[in-house]
Amino acid sequence: MLFAIFGLLLMRRRFNCIASLVDDSGNILNSESDLFATASSYFSGLFTTNGSSSVPEILDNISPVISQSMNDSLMRPFSKDEVWNALRYMHPLKASGVQGLHYVSDLLLAEPKRWNMELLQAHFNVADIKLISSIPLSVVNQEDLLVWGGESKGEYSVRSGYRQLISHTINNSASSPIFKQLWQVNCPAKIQILVWRFLQNFIPTNQNLFSRRIAHSSICPRCHTYEESIEHTIHDCPSVKAIWNLAGYGWPAEVNQVCFFQWFSWIFAHSNMAKRLVFLILIWAIWTSRNKQVHENVKQDVAAVYRFSMNYAQEITSVSHSLEIPQNSMTVKWTRPSAPSVKINVDAAFNSSSNRASSGVVVRDSNGLVLGSCFIPSGNISSPFAAEALAVIHGLRFALELGCMHVVLESDSLTTISKLKSGVDDCSLLRPYIADAQSMAQAFYSCHFSFTPRNGNEVAHCLARLGQASAVDSYWVEDVPPQALSLVQADRRCSDPP
Ligand SMILES: [Zn+2]
């Protein structure tokens with residue numbers, strides 16, 4: 001074998017050899033010595049500058065990019081200080097950073113303090129720029145502090161750590177929005193949990209038990225004909241098919257022969273909330289009825305299971321409606337401040353997809369008369385809590401500009417008001433806003449912070465919503481925009497003078 005390959009290589013070498021060459025004068029050369037001499041002279045002349053006498057003319061036509069001073073700067077040797085600085089600012093595992101950027105403060109602009117967007121855009125990617133620029137900056141100088149975002153107080157707790165971990169796990173496992181939609185249905189948790197187990201195939205059907213060697217057969221205990229999969233037990237078993245026909249939930253033609261998960265997703269995608277509720281109850285009722293038959297030997301009529309499910313759905317709907325009535329009828333009205341104080345009502349609207357927020361502010365005196373109102377849109381806001389805290393700052397600033405001296409500031413954000421009233425140094429993500437608001441409060445003769453439910457904060461809420469549709473700040477002196485006028489009048493009518 002080896003000999004055969006060697007023979008082939010010899011043949012290839014024989015066929016690959018050069019038989020003749022043509023030199024620069026056009027002579028055909030055949031002898032081995034002529035071939036060698038011509039090839040040698042060709043290759044030795046290939047990398048020389050012979051024949052390139054026009055190089056200076058070519059270079060004259062190329063305009064220089066590096067100036068003489070730049071060239072001098074590039075060519076001079078590194079100084080001791082330059083080498084030392086480069087080494088000092090180098091991360092142990094990274095190359096030296098961009099010149100001039102050593103601290104976070106290098107990315108800030110002063111008066112007013114803000115992120116230098118030009119520098120951010122030059123050195124960070126879009127996602128990082130969004131995160132960095134949404135970090136609130138305080139006017140008041142504060143020590144840097146590491147805060148935990150999982151708790152409103154900014155301090156780590158096992159509970160919040162666990163919660164973050166779980167939400168992360170759930171978000172990863174439930175890539176389908178179907179899980180979120182399942183938990184949004186207003187129905188008893190026992191039903192949602194059972195359906196969630198169906199979606200994960202965590203149900204002790206005979207097929208599942210048999211595959212784990214717990215049951216001795218995978219056949220359906222009701223029809224004794226087919227394997228009892230989750231699809232069979234809920235939908236395909238002849239003993240339950242009639243229920244779905246009665247309820248009007250077909251096995252759609254375009255998703256024929258699909259798994260439970262796909263069928264469930266299809267039904268949810270084509271149903272409103274009421275129909276989703278009935279659907280979940282039917283699954284729960286069918287499984288309960290199956291267990292009654294298998295474990296208690298009680299066989300339920302198809303019509304009875306269907307009737308029970310419909311009645312149960314109706315009961316849940318009517319209970320949830322009756323629970324909503326007291327909430328809607330609960331009226332907390334705006335109240336007038338006691339003279340000489342004026343009341344600043346603030347609220348925020350927040351759009352989580354664009355990270356844009358809008359503050360709504362209205363300032364009224366003890367007669368319920370408007371001294372001024374405004375809405376102020378802002379970008380790069382990290383959370384609704386940050387938006388609410390920023391609205392407080394906007395409210396205080398506006399009242400100072402109006403010349404108010406005694407103020408009561410009302411917000412419907414309990415978190416913000418609690419932090420403002422607390423004497424403890426805030427360690428949360430809202431820390432810069434809280435510090436600024438507390439510092440601004442010192443500028444008034446008196447300044448009190450107070451919580452009010454949404455019903456007592458309707459005008460500020462309306463202004464905040466209006467600001468969402470606007471790109472610029474808008475101010476009204478002794479007035480409000482037309483959309484908020486009826487709310488101001490209603491507040492004035494309903495509030496008795498103190
Ligand atoms: Zn069956």
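Q: Leaving aside its neighbours within four places in sequence, which residues is F210 in contact with?
A: In this predicted model, F210 is in contact with A215, S217 and S218, once the neighbours within four places in sequence are set aside. F210 itself is found in helix α11, which covers residues 206–211.

Q: Why does F210 count as partly exposed?
A: The count for F210 is 16 C-beta neighbours inside 10 Å. Since a residue is called buried at 20 or more and exposed at 12 or fewer, the value for F210 falls in between, and the residue therefore counts as partly exposed. Its position can also be described relative to E228, which lies 18 residues away in sequence and 9.8 Å away in space, C-alpha to C-alpha.

Q: Why does H224 count as exposed?
A: H224 has 9 C-beta neighbours inside 10 Å, and because the limit for exposed is 12 or fewer, H224 meets it. The residue is found in the loop between α11 and α12 (230–236), and it has a positive phi of about 55° although it is not a glycine.

Q: Why is α17 called roughly parallel to α19?
A: The axes of helix α17 (residues 384–401) and helix α19 (residues 431–441) cross at roughly 20° and come within 9 Å. That angle makes α17 roughly parallel to α19, because the term is used for angles under 35 degrees. The crossing of the two helices is left-handed.

Q: Which residues in α17 meet which residues in α19?
A: From α17 the residues are A386, A389, L390, V392, I393, L396 and R397, and they meet Y433, I434, D436, A437, M440 and A441 in α19. Sorted by class, this contact has eleven nonpolar, no polar and two charged residues.

Q: Which residues of α19 are buried?
A: The buried residues of α19 are P432, Y433, I434, D436 and A437, and what covers them includes α17 and α18 (414–421).

Q: Which residues of the largest nonpolar core touch the most other members?
A: Of the 47 residues in this core, V361, L390, V392 and L463 touch the most other members. Its largest share, eleven residues, comes from α17. Leaving aside neighbours within four places in sequence, V392 is in contact with V346, L409, S411, T416, L420 and A437. A second, separate core has 28 residues, including L199, V240, A285 and W287.

Q: Why are α13 and α15 described as roughly antiparallel to each other?
A: Helix α13 (residues 238–247) and helix α15 (residues 273–295) pack at an angle of about 160°, with their axes 12 Å apart. Because angles over 145 degrees count as roughly antiparallel, the two helices are described in that way. The contact is made by V240, I243 and A247 of α13 and by V278, L282 and I286 of α15, which divide into six nonpolar, no polar and no charged residues. α13 passes α15 in a right-handed crossing.

Q: Why are α10 and α15 described as roughly perpendicular to each other?
A: For helix α10 (residues 189–199) and α15 the packing angle is about 80°, and the axes are 9 Å apart. Because the range for roughly perpendicular is 65 to 115 degrees, α10 and α15 are described by that term. I191, Q192, L194, V195 and F198 of α10 make the contact with L280, I281, I283, W284 and W287 of α15, and by class these residues are nine nonpolar, one polar and no charged.

Q: What is the peptide bond from A339 to P340, cis or trans?
A: The bond from A339 to P340 is cis, with omega near 5°, and P340 is found in the loop between α16 (302–329) and β5 (342–351).

Technical notes:
Residues numbered from 1 in each chain as written. Predicted model: local features only at pLDDT ≥ 70, side-chain atom pairs only at ≥ 80, totals over all residues. Axes fitted to C-alpha atoms, helices over the stretch in contact; angles between N-to-C directions. Helix = DSSP H or I, 4+ residues; strand = E, 2+ residues; numbered from the N terminus. Left-handed = near helix turned anticlockwise from the far one by under 90°. Contact = placed C-beta atoms within 7 Å. Nonpolar A, V, L, I, M, F, W, Y, C, P; charged D, E, K, R; others polar. Core = buried A, V, L, I, M, F, W, Y, C linked by C-beta atoms within 7 Å.
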